[in-house]
Amino acid sequence: MIQQTHPNSNIRNNGYNQYRFTLQENSPLPEILFLTTFPPRECGIATYSEDLISSLNNKFQNSFHITIAALETTVDRDIYGTEVPFTLQTDNPDSYTRLAESINKSQHIKMVLIQHEFGLFKSNEADFVHFLESVNKPVIVVFHTVLPNPDAVLKHHVQQIDAATGSFIVMTHSSNKLLTRDYGIAPDKITVIPHGTHLVKFTDKDVLKKKHRLSGRKVISTFGLLSAGKSIETTLDAMPVIIDQHPDVIFLVIGKTHPSVVKEEGEAYRNSLEHKVMLLGLQQHVKFINAYLPLDELLEYLQLTDIYLFTSNDPNQAVSGTFSYAISCGCPVISTPIPHALELLQDGGGIFIGFGNSIALEKQVNLLLDHPEWCKEVALRGIHKLAPTAWENTAILHALLFESLLGKKLSLNYKNPPINLIHFKALTTPLGMIQFSLINQPDIESGYTLDDNARALVAMCRHFELTGDREDIAYIDRYFHFICFCQKQDGTFLNYVNDDKKFTDQNSENLEDANGRAIWALGYLISMGELFPETMIAQAKLTLQSALRIVTAMHSTRAMAFVIKGIYYSNKKDGSFENRILIKRLAARLVQMYRHESKADWQWFESYLTYGNSILPEAILCAYLATGEMIYKEIAKTSFDFLLSKIFTDTGIKVISNKGWLHNNADVKMEVVGGEQPIDVAYTILALASFYEAFRNNGYLQQMEKAFSWFHGNNHLHQIIYNPCTGGCYDGLEEDRVNLNQGAESTVSYLLARLTIEKYAGQENHQKNNARKLHRAKTYAS
């Protein structure tokens with residue numbers, strides 16, 4: 001591999017780093033060069049680029065390599081790390097030429113992405129256009145500002161950029177319309193990718209207020225690099241009326257003065273604001289946090305904020321990351337009507353005021369503080385509106401654009417985040433696992449189900465098997481005893497328990513599937529008997545045997561399948577002739593159903609595909625492994641391959657929607673989009689693992705990886721279903737949105753899938769490495 005290295009990142013030569021080439025053993029990944037301001041420079045675009053690059057690197061592996069050409073001037077220069085092999089001095093014409101030459105000579109730079117703001121190239125617009133014309137690699141320009149009604153000079157400049165550029169990114173639909181309407185740029189060259197936002201864990205406001213010495217205060221805030229454009233005085237003029245009605249209010253002005261402003265006028269604007277605070281007598285109600293805060297601290301301040309204010313006085317400001325971050329932290333937002341705000345805050349996601357309108361501001365702040373439920377509703381609508389803009393989703397959209405432009409030169413591989421049990425454990429009380437969650441806050445009033453605790457028992461057993469973490473045993477014991485708690489004297493189980501530990505009226509019907517899941521969980525626990533206390537396993541065996549007395553009366557297809565799995569696992573360690581007979585009786589029913597329904601083009605047990613489909617062929621496979629009956633092996637393989645043909649596409653998985661089952665011989669007038677549940681993806685992955693163990697077909701491993709990528713954005717919305725920040729999994733993928741609640745079913749399902757993937761990751765990576773070695777050998781040979 002030819003790779004740039006940086007023996008001394010401080011050496012400069014005409015605006016770019018000196019570098020040398022070294023030969024590496026591995027074949028190179030396609031390199032994407034980001035031309036942007038970058039930390040330690042303190043500006044919005046530098047922060048944006050750092051967040052975007054970090055998200056791309058965290059989201060994908062073995063897909064591409066990102067390097068940076070940092071924008072600076074001959075006067076303002078910084079020291080960078082090895083991720084910045086180049087700099088471009090925007091006021092030095094020679095620097096543009098030298099950088100273009102370096103890009104063109106590089107064998108591994110395949111694409112250039114430019115973060116563009118007109119002020120960055122002020123007075124050197126012609127040099128910038130010449131640079132674009134000189135680069136012989138695909139170029140993407142990200143417009144952070146798009147001005148309406150351009151004069152002839154500005155319009156001509158943008159059209160020159162257009163002529164030398166293959167693709168544009170803008171962050172709002174209004175910017176998209178401006179580029180096509182006012183500048184004549186072809187719509188198919190423009191991609192809208194929203195400004196990214198950070199996932200947060202939603203820590204309790206009172207806890208954070210106490211930490212930052214703001215207990216007992218109602219906090220309104222704003223943040224960002226300070227300049228007159230922020231119009232902080234709009235809020236200061238409103239403060240006396242706000243304080244009159246809510247004397248506990250404090251206004252936080254978070255952020256240092258913009259470095260460019262300091263250079264031109266010093267701290268004149270901040271001093272004028274501090275003077276105004278003194279004149280209005282607001283010293284106890286306004287606090288300036290004059291610092292460029294680390295991200296973690298900034299997000300804490302935003303989470304403790306009761307109302308966020310965005311008072312920019314620039315109607316042409318295309319985008320602002322500041323109020324995006326605030327909304328993602330659960331702040332209800334009051335904003336002036338810049339285009340970005342108009343798109344994000346519509347439909348009740350925020351409140352608008354006019355530019356410089358202090359009277360409207362004081363009225364809206366007081367209304368929100370007077371009506372806390374409305375305040376929560378505005379915040380919740382904002383969170384749901386902004387969910388697609390998580391940095392993880394923004395990274396996916398960028399990567400898909402890279403892939404579309406580079407074609408076969410780039411192959412996207414999703415990276416699996418570390419296993420995270422935070423939300424899994426947060427859902428667990430001394431009784432068991434709570435059923436639902438509001439976003440990532442467990443909803444104790446939703447109660448408990450046998451279903452969730454049975455799945456949780458299997459998941460935690462698998463985690464303990466993988467990690468040996470002794471803390472898992474307490475959770476395993478808790479879920480096991482919940483199952484025992486739900487068992488009646490006749491051996492059957494009830495499913496629904498409220499937060500007072502009482503069985504609810506929901507237990508009057510449809511309990512067979514829950515009974516089957518309980519038997520599956522008990523069997524799995526027994527199969528790992530040597531790892532747990534003898535008393536627990538002895539009790540599990542008694543509970544299982546009591547439950548098995550009534551399973552022959554079951555009629556639910558999936559309940560019988562779960563029972564077969566449970567008996568199969570329990571028989572692994574302590575097999576009995578009676579249990580094998582029971583497996584055969586239940587499997588015979590499934591075989592009879594298969595023979596009745598299957599045809600040449602419909603190899604399935606029922607006349608439709610519904611939920612939890614993969615449980616059925618997996619159960620028949622377990623029956624084969626337990627009894628050696630070849631008919632079970634044949635039907636298991638045939639039915640599973642048929643199912644896979646219906647739910648896998650060339651690029652990923654699309655499980656059967658709960659909005660419309662797939663019926664045999666039914667006329668499909670239109671494809672059902674949405675209604676995909678994490679549990680169905682997880683069950684498919686579990687079944688793929690079982691079939692791989694039985695048949696050693698590497699295709700099953702590849703499909704496991706493809707299915708698992710659904711959780712991380714390889715789905716029709718290109719959005720994450722798993723939240724790596726909380727450790728929770730969203731409750732479903734709909735047609736145009738993701739259900740952000742992170743309940744027990746989805747969170748446990750993800751963990752089951754993640755642990756399964758972890759088990760086979762080594763084998764999968766070994767196969768990939770062998771494939772890469774073969775590819776390199778063929779490449780070198782040619």
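Let's start with Arg 213, which is exposed, with a relative accessible area of 79%. Exposed here means over 50% relative accessible area, buried means under 20%, and partly exposed is in between, using a 1.4 Å probe and protein chains only. Arg 213 sits in the loop between helix H6 (205–211) and strand S12 (218–223). Helices (H or I, at least four residues) and strands (E, at least two) are DSSP runs, numbered from the N terminus. Arg 213 is not a glycine, although its phi is positive, at about 60°.

A word on what you are looking at. This is a predicted model, in which local features need pLDDT of at least 70, side-chain atom pairs count only at pLDDT 80 or more, and totals for chains, interfaces and linings use all residues. Residues are numbered from 1 along each chain as its sequence is written, and side-chain values use heavy atoms, with hydrogens and water left out.

Now please find Ser 123. It also has a positive phi, near 75°, in a residue other than glycine. Look for Ser 123 in the loop between strand S8 (109–116) and helix H3 (125–134). Is Ser 123 buried or exposed? Its relative accessibility is 65%, so Ser 123 counts as exposed.

Another loop deserves a visit. Between strand S5 (31–36) and helix H1 (44–59) you will find Pro 40. The peptide bond that joins Pro 39 and Pro 40 is cis, with omega about 20°.

Let's zoom out to the whole chain. How many helices and strands does the protein chain have? There are 27 helices and 26 strands. The C-alpha trace spans about 90 × 75 × 50 Å along its principal axes. For 782 residues, a compact globule would have a radius of gyration near 28 Å, and the 30 Å of this protein chain agrees with that. That radius is taken over C-alpha atoms, and the globule rule is 2.2 Å times the number of residues to the power 0.38.

Of the 782 residues in the protein chain, 56% are buried. Contact means heavy atoms within 4.5 Å. Among contacts in the protein chain with a separation of 6 or more, 70% are between residues 24 or more positions apart.

Next, helix H9, residues 268–279. At 1.5 Å a residue, its 12 residues should span 16 Å, and the end C-alpha atoms are 16 Å apart, which agrees. The expected span is 1.5 Å times one less than the number of residues. Which residues of H9 are buried? They are Tyr 269, Arg 270, Leu 273 and Val 277. These residues cover an arc of only 100° around the axis, which puts them on the same side of H9. The arc is that of the directions from the helix axis to the C-beta atoms. Here is the general rule: an α-helix has 3.6 residues a turn, so residues three or four places apart point the same way.

What covers the buried residues of H9? The cover includes helix H7 (232–245), helix H8 (259–265) and strand S14 (286–289). On the face of H9 turned away from its buried side are the exposed residues Met 278 and Leu 279. Just after H9 comes Gly 281, with a positive phi of about 70°.

Staying with helices, Ser 358 lies in helix H13 (residues 358–370). With 13% relative accessibility, Ser 358 counts as buried. Not counting residues up to four places away in sequence, Ser 358 touches Glu 233, Thr 234, Asp 237 and Ala 238.

His 157, in helix H4 (residues 152–163), is buried too, with a relative accessible area of 9%. Its contacts, leaving aside neighbours within four places in sequence, are Phe 118, Glu 125 and Val 129.

On to strands. Thr 191 is found in strand S11 (residues 190–192), and it is partly exposed, with a relative accessible area of 24%. Leaving aside neighbours within four places in sequence, Thr 191 is in contact with Phe 168, Ile 169, Val 170 and Leu 401.

Last stop: an open sheet of 3 strands, in the order S18-S19-S20, with antiparallel pairing. Its edge strands, S18 (434–438) and S20 (496–497), each pair on one side only. Two strands pair if DSSP finds at least two bridges between them. S18 and strand S19 (residues 441–449) run antiparallel, joined by 4 bridges. To see that pairing, look at Phe 436, which stands opposite Asp 443 in S19.
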